[in-house]
Amino acid sequence: MADQNFMNPIDVSRLGQINATGDANAMFLKVFSGEVLQTFEEANVMMPLHTVRTIASGKTAQFPVMGTAAAKYHSAGESIMGSFVDATGGTDGTAEAGEGKYLNRIKHAERTISIDGTLVSSAFIADIDEAKNHYDVRAAYTTQIGRELAYHSDRALIRTVIAGARRVDDRFGGTATGGTADPRFLGATIDATTFEGDDPTNTYTAKELVNAIVQVAQKMDEKNVPAEGRYVIFNPAEYYKLVGSGNDAINTDFGGMGSIATGEVAQVAGIRIMKSNHIPSGAASATEELASSSIQNDIFGANGVGYGNTSFANTAGIAFQTEGVGTVKLLDLGLESEYQLDRLGTLMVAKYAMGHGVLREECCYEIVTA
């Protein structure tokens, strides 16, 4: 039996249509008299700022995680061998007379990140439209479908940082609700509206954003998060509050922390400040692609599927260190094109197969408005 798929129509990008509707020849010109206006490239910031592992085969990758050690002064004549000291300086049970106190029982665990389904972005160009057209679109189409995959990973990674900040269980299985989680192994949400009085409208000023970043830096230090590789990402609205903040985040006299002239904020409390259009906002949605059933990593646990379906109504930005989240790549971003004789046109496909997950909660922080 013949393959019925060859008989079915497909969605074709008609170059001559305006907004993909109406006359297929509407935009074809007899004489070229204009320029193609392409969408400005959005900043894709997350991929180089975290832990990435590429695997040749398989569906998951394990990341080992390790606890910390404690130290105690030795009492003369006492054996070092004996019971174990945990990471907080206590013992492995009820202390008994003559019991040893010096050996560390260092905790080990692992985090597993799965490969999600293959993410695809594609476009089809009919020969007849390409022949009529007066400007090249192949390079532009290839760029656009590739960018969309890059933006998808950016959004997923930002949400993974938020998931790490919201965790109530540490990487060794302790749960905060049960009172057994080690607070040094948990991130936090930071209220950006608590500087010089809380605003009941949940609006916030540049001073409050700076104060939130300082709180993040303090918590990272308290949790022994490495000083290098710390970042804060805001959406453009919040970022430019900092740019226009006078001396709150910009050194207008010396330019040591950035300047209004360049539109940059370099650092606050040793944390690099960046901006992205991919900071999530609004209520939960089960229909977005980031909540697809093809995603194998449920980073929010019971609160959401995949990288979505949970509320970001109060999210103002994220803060993290490069060890906080990880990515496993099976198929890196690739672009392919193929001429299809039966359809008299060219199919262009961009695809990748990767997954994202939380590695160290204490490196992840969410800056919120309430």
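Helices (H or I, at least four residues) and strands (E, at least two) are DSSP runs, numbered from the N terminus. By this rule, the protein chain holds four helices and 16 strands. The model is a predicted one: local features need pLDDT of at least 70, side-chain atom pairs count only at pLDDT 80 or more, and totals for chains, interfaces and linings use all residues. Residues are numbered from 1 along each chain as its sequence is written, and side-chain values use heavy atoms, with hydrogens and water left out.

The chain was first described as a whole. Of its 370 residues, 42% are buried. Buried means under 20% relative accessible area, exposed means over 50%, and partly exposed lies in between (1.4 Å probe, protein chains only). Contacts were considered next, where contact means heavy atoms within 4.5 Å. Among contacts with a separation of 6 or more, 71% join residues 24 or more positions apart. The accessible surface comes to about 19,500 Å², and carbon and sulfur atoms hold 53% of this area. Accessible areas come from the Shrake-Rupley method with a 1.4 Å probe; for residues, only the protein chains shown count as cover.

Y339, L341 and L344 make the patch, which covers about 340 Å². Patches are made of residues with over 30% relative accessible area and no salt bridge; like charges are joined within 9 Å, and nonpolar side chains (Val, Leu, Ile, Met, Phe, Trp, Tyr) within 5 Å. L344 sits in the loop between strand 14 (325-340) and strand 15 (345-358).

Side chains of opposite charge can pair when their charged atoms come close. A salt bridge is a side-chain nitrogen of Lys or Arg within 4 Å of a carboxyl oxygen of Asp or Glu. The count is 13 salt bridges. In one of them, E288 pairs with R159, with the closest N and O atoms 2.7 Å apart. E288 lies in the loop between strand 12 (271-275) and strand 13 (315-321), and R159 lies in helix 2 (residues 138-166), so the pair ties together parts that are 129 residues apart in sequence. E288 is partly exposed, at 24% relative accessibility. R159 is buried, at 8%.

Another salt bridge joins E361 and R167, with the closest N and O atoms 3.2 Å apart. This pair also links distant parts of the chain. E361 is in the loop between strand 15 and strand 16 (364-368), R167 is in the loop between helix 2 and strand 7 (188-191), and the two are 194 residues apart. E361 is buried, with a relative accessibility of 0%. R167 is partly exposed, at 22%.

R171 and E362 form a further salt bridge, at 2.6 Å from N to O. R171 lies in the loop between helix 2 and strand 7, and E362 in the loop between strand 15 and strand 16, so the pair ties together parts that are 191 residues apart in sequence. Both partners are buried: R171 has 7% relative accessibility, and E362 has 1%. A network of salt bridges links R171, E323, R360 and E362.

Nonpolar cores were examined next. A nonpolar core is a set of buried Ala, Val, Leu, Ile, Met, Phe, Trp, Tyr and Cys residues joined through side-chain atoms within 4.5 Å. The largest core has 37 residues, and M46, V161, I233, I318 and F320 touch the most other members. Strand 6 (119-126), helix 2, strand 8 (230-234), strand 13 and strand 15 each give two or more residues to this core. Helix 2 gives the most, with nine residues. Leaving aside neighbours within four places in sequence, I233 is in contact with residues including V45, M46, M274, I279, I318 and F320. Another core lies apart from the largest one; its 27 residues include A192, V216, A316 and I367.

A pair of aromatic rings is described by the distance of the centres and the angle of the planes. Rings of Phe, Tyr and Trp (its six-membered ring) pair if their centres lie within 6.5 Å; planes under 30 degrees apart count as stacked, over 60 as edge-to-face and the rest as tilted. Three aromatic pairs were counted. Y239 and Y240 form an edge-to-face pair, at 5.2 Å centre to centre and 85 degrees between the planes. Y239 is buried, at 4% relative accessible area, whereas Y240 is partly exposed, at 41%. The rings of F300 and F312 have centres 5.9 Å apart and planes at 70 degrees, so this pair is edge-to-face. F300 and F312 are both buried.
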